[in-house]
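Reader: Before I rely on any label in this model, I would like to know what each one rests on. Could you take me through the terms and the values behind them?

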Amino acid sequence: GLLCACAGAGAGAGPALRSYPYSAVLDGAGAYRLRWGRRGSALALRLEVRTRGYVGFGLSAGGGMASADIVGGQPYLQDYYTDENRVLKKDPQQDYHLEYAMENSTHTILAFSRELHTCDTNDKSITESTVRVIWAYHHKDMGEAGQNYHGSNRGTKSLRLLNPEREEVSSASLPFFDLTNKDVPVPDKDTTYWCQMFKIPVQHEKHHVTKVEPLIQKGHENLVHHILLYQCSSNLNDSVLDYGHECYHPNMPDSFLTCETVIFAWAIGGEGFTYPPHVGLSIGTAADPVFVLMEVHYDNPSFTEGLIDNSGLRLIYTPVLRKYDAGVIEAGLWVSLFHNIPPGMPEFVSEGHCTLECLEEALGAERPAGIQVFAVLLHAHLAGRAIRMRHFHNGEEQKLLAYDDEFDFNFQEFQYLKEERTILPGDNLVTECHYSTVDRIRMTWGGLSTRNEMCLSYLLYYPRINLTRCASIPDIMEQLQFIGVKEIYRPVRTWPFIIKSPKQYKNLSFMDAMNKFKWSRSEGLSYNQLVLKLPVNVRCSKTDNAEWSIQGMTALPPEIERPYKTEPVICSSSSCLSCSLFLTLLCIVYVTASTIGHTGPIV
C-alpha cells in the first residue's frame with residue numbers, strides 16, 4: 001500500500017522513543033532517520049526528517065518505485081499502491097494508521113503503524129526477510145517543488161525490520177584491535193580477492209571477542225563486497241606478516257593454504273556483529289587463532305583504475321570471560337564448477353547439503369548432546385533471489401533455521417535466531433538457494449566472482465567443536481549425461497576436463513559443452529529436477545586442513561518435500577492468505593491542490 005499523510009504543526013502526543021527500539025539512518029547526510037519496533041502483530045514506525053517540506057517513504061519488493069504527486073486540502077493519511085505498470089491507485093483497504101505528526105523549525109516527525117499481515121493483495125507482508133525501504137524528501141512542499149520534487153534527496157536501503165542488529169551494551173570502554181589492509185592497490189578488473197595475514201595481538205591469556213565491526217574506507221562501500229577472517233596454522237612464524245597477496249593465485253604464499261577455518265564473516269550492507277552475552281570468540285589460548293588471514297573481496301565491475309583501499313575489521317574484546325566459545329560452520333554447496341545454472345531461467349533451485357553422515361561423525365565424536373546455533377549468514381551472489389536454511393531431525397522437517405525470501409546481494413549480514421536451535425548428530429541441514437538467470441545467455445557457474453554463484457550458510461554456534469565445513473558437491477557426470485555427453489578423456493589431466501564423445505562436443509571442455517547446449521526453459525526445469533536428486537560428494541572438514549573420515553564419500557540427498565511449504569500467514573482479514581505485491585509505498589506530503597498523477601520512477 002502507499003501511504004499519504006499531511007503533518008500539521010502538532011497532532012497529539014507522540015509515542016515514547018522506547019516504543020521504537022531499533023533505528024537506521026537512511027541517507028548519507030544523516031537527515032533521514034527511521035525508528036521502528038514490533039507491537040504485537042503490528043509494526044510501529046517513526047520518521048524523523050530534517051525538512052519542513054514533504055517526506056516520502058516506502059516498502060518495495062525490488063527497491064524501485066513509481067513516484068506520485070499527491071495533494072489534498074486537509075491533513076490526511078491514505079493508503080495507495082502501484083501496480084506492475086507503476087500506475088498509482090488508491091487502496092480500497094486502508095491499513096496504515098497515523099498516530100502522531102509534528103513539524104518544528106527544522107524537522108518533520110511522523111509516527112504510524114501497520115499490521116504485519118493485512119491480507120490486502122495490494123500490501124506487502126512484513127516478514128523476517130529483507131525489506132527494501134525507499135525514502136525521499138524535499139525542502140519544499142510537493143506542490144511548490146513541481147516535478148523535480150525530490151532532487152537528489154532519495155534512495156533505498158535494505159533492512160530486516162523483524163530481525164535487526166541486536167541492541168548492544170556499550171563497548172566504549174573495552175579494548176580493541178584493528179585488522180586493516182594498508183594501501184592495497186585494487187586492480188582495474190571485475191573481481192579481486194586480496195589476502196593479508198595478521199597476528200592476533202592478544203596472547204598468553206584467554207579473552208573473548210564480544211563484537212566485530214567493519215571498517216570500510218569512506219567511498220568504498222560498494223567496492224568492498226565481503227570480508228572473511230580465517231584461522232591459520234599455529235606453526236607459522238612472523239615472516240608471513242610481511243605482505244599481502246591476491247588470494248587463489250598460483251603465486252600465493254604457501255602459508256595462505258593453511259587458513260581453512262572461517263572464524264568470522266561480514267558481507268556488504270551488514271553492520272557490526274555483537275555476540276550474545278553468554279558467548280564470545282575466544283582468543284589468547286593454545287586452541288585459539290594466533291595467525292589469521294583476512295580475505296577481502298573487491299567488486300570493481302566498472303574497472304576503475306587507481307583505487308587504494310585500507311578497509312578491514314575491528315575486534316572488541318574483554319578479559320571477563322563468557323560461558324561458551326563460539327564456532328563457525330560453513331555449510332551449503334562447495335564452491336566449484338559442478339554447481340551450475342542454465343541461462344534464461346526465471347527460477348532455478350540449488351541445494352547444498354550438510355549431510356547426516358558428516359554431522360553424525362563430527363557431533364557424535366565431539367558433542368553428542370548437540371551444538372546451539374544462535375546466528376546465520378546466508379550468502380549468494382548477483383543471481384540469488386531467495387535463500388532458506390532447512391533443518392531435518394530424524395527425517396522430520398523442523399522450522400526453518402533461517403531464511404530470506406527477498407535476498408539482496410548488497411545486504412548480507414548475520415541473522416540472529418529468535419530462539420537458539422540445537423543441532424544433533426544425525427540431523428540434516430539443507431541450504432536452498434533460488435536464482436534467476438532470465439537476463440543471461442550463458443551458463444552461470446559456481447565460483448568466486450560476483451558474476452559466478454555461491455550457495456552458502458555460515459552458522460555461528462557454541463560450544464566450539466572441530467568442524468569447520470559441512471558441505472556437498474553434486475555429481476558432475478550425470479549433469480553432463482543430461483546434455484548428451486557419453487565419454488570424457490581419462491585420465492583427467494586438464495581442468496575443466498575435456499569431452500571425448502559425442503562428436504558435437506568432441507575436444508570441448510565441459511564448460512564449453514554446457515554453453516553449447518541449446519537451453520530452453522523446459523530443458524532447464526528438467527535439468528533442475530535432475531540435479532536436486534543427484535548423489536553428492538561429502539565435504540566434512542576440521543581445522544588445520546584435517547578431514548573427518550566421511551570426507552569424499554558419496555551420499556544421497558535426503559528425501560524432502562519440494563518446494564518448501566511456507567507457514568500460513570495469520571492476518572486480520574480473510575480476504576487472502578498469500579498476498580503478493582509489486583510495490584508498497586508510504587508517501588507523506590504537505591498538500592495544497594487536489595490532483596493525483598504519476599511522474600516516473602524516483603529510484
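Predicted model: local features only at pLDDT ≥ 70, side-chain atom pairs only at ≥ 80, totals over all residues.

Reader: Why is His207 called buried?

Author: Buried means under 20% relative accessible area, exposed means over 50%, and partly exposed lies in between, with a 1.4 Å probe and protein chains only. His207 has a relative accessible area of 11%, so it is buried. The residue is found in strand β16 (residues 207-215), where helices (H or I, at least four residues) and strands (E, at least two) are DSSP runs numbered from the N terminus.

Reader: What does the side chain of His207 reach, and which residues does His207 touch?

Author: The side chain of His207 reaches the backbone oxygen of Glu205 at 2.9 Å; a polar contact is a pair of N or O atoms within 3.5 Å, where within protein one must be able to donate a hydrogen and the other to accept it, and residues adjacent in sequence count only if both atoms are side-chain atoms. Contact means heavy atoms within 4.5 Å, and, not counting residues up to four places away in sequence, His207 touches residues including Val202, Leu281, Tyr317 and Leu321.

Reader: What makes the pair of Tyr22 and Trp36 tilted?

Author: Rings of Phe, Tyr and Trp (its six-membered ring) pair if their centres lie within 6.5 Å, and planes under 30 degrees apart count as stacked, over 60 as edge-to-face and the rest as tilted. The rings of Tyr22 and Trp36 have centres 6.1 Å apart and planes at 40 degrees, so the pair is tilted. Tyr22 lies in strand β2 (residues 22-25) and Trp36 in strand β3 (residues 32-39), 14 residues apart. Tyr22, at 25% relative accessibility, counts as partly exposed, whereas Trp36, at 3%, is buried.

Reader: How do you know that the pair of Phe177 and Tyr317 ties together separate parts of the sequence?

Author: Phe177 lies in strand β13 (residues 176-180) and Tyr317 in strand β24 (residues 312-318), so the pair ties together parts that are 140 residues apart in sequence. This pair is also tilted, with 5.7 Å from centre to centre and 50 degrees between the planes, and both Phe177 and Tyr317 are buried.

Reader: Why is strand β17 described as largely enclosed?

Author: Eight of the eight residues of β17 (residues 224-231) are buried, so the strand is largely enclosed by the rest of the structure. Two strands pair if DSSP finds at least two bridges between them; β17 pairs with β22 over seven bridges in the antiparallel sense, and six bridges join β17 to β19, also antiparallel. Gln231 has Val292 as its bridge partner in β22 and Thr261 as its partner in β19.

Methods
Residues numbered from 1 in each chain as written. Heavy atoms only, no water.
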